[in-house]
Amino acid sequence: MTTHPEVLWAQRSSDSVADKNIIWLTVNVPDIDESSLQYELTSTGVSFKAASKTDKKAYAFSLPLFDEVDTKASLSKLSSRSFTAVLRKKALKAEYWPRLTKEKTKLPFVKTDFSKWVDEDEQDGAPLEDDLGGMGDMGGMGGMGGMGGMGGMGGMGGMGGMGGMGDMGMGGMGGMGGMDFSKMMASMGGAGGAGPSDETAESDSDSDGGPPPLEDVEPSA
């Protein structure tokens, strides 16, 4: 017997920049047994199945997406807290998807990720780099993968020229390469799943005209 996991989603849109035309998905299943993970993304839908080593439960869902996505440009990552994915919308449009799924149905386990969501007319004021931070070392998200090169900050060892500070171990700042941004961000990966899932948050979103209605009829497996 399988259980639906909590699935959080948010989005950005762009009619000119593909990297800003995305859907975030966070599947909140802790301590996933990697050998049990089955994730499939097609241009029109997404399916997930995995078992948690913590509660020994099997989780699964299958969702037909509202519109097509580019599977080759989409990303996914498994962490100790959740499974996350960034889906690249295929069509470049300035308008948001009105909902996540193809059919206008309500799914109780699919919820808005308020930690990432911004209204369509306010998304230009929300730095995409900050929002993508939780994806950690997934790489390939436009130029974000290049950030790994920031390990080159090891060159800051040159600050040893500040006098005896070099002897004080400032040269060791080269070790900041160990503070790899991907790892640091990966450790923050769980934050993506921290969106409120209580009914109060959902009712508030309905009243202020924010995210689209949440889907609530369980899809066929």
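## Model and confidence

The model is predicted: local features need pLDDT of at least 70, side-chain atom pairs count only at pLDDT 80 or more, and totals for chains, interfaces and linings use all residues. Residues are numbered from 1 along each chain as its sequence is written, and side-chain values use heavy atoms, with hydrogens and water left out.

The protein chain has an average pLDDT (the predictor's confidence in each residue, from 0 to 100) of 72, and 56% of the residues score at least 70. Residues 136-210 have a pLDDT below 50. Where pLDDT is low, the predicted coordinates should not be read in detail.

Asn21 sits in the loop between β2 (6-11) and β3 (22-28); strands are DSSP runs (E, at least two residues), numbered from the N terminus. Asn21 counts as buried because its relative accessibility is 1%, where buried means under 20% relative accessible area with a 1.4 Å probe, protein chains only.

Which backbone atom lies 2.7 Å from a polar atom of the Asn21 side chain? That is the backbone oxygen of Ala91. A polar atom of the Asn21 side chain also lies 3.1 Å from the backbone nitrogen of Ser14.

Methods. Contact means heavy atoms within 4.5 Å. Helices (H or I, at least four residues) and strands (E, at least two) are DSSP runs, numbered from the N terminus. Buried means under 20% relative accessible area, exposed over 50%, partly exposed in between (1.4 Å probe, protein chains only). A polar contact is a pair of N or O atoms within 3.5 Å; within protein, one must be able to donate a hydrogen and the other to accept it, and residues adjacent in sequence count only if both atoms are side-chain atoms.
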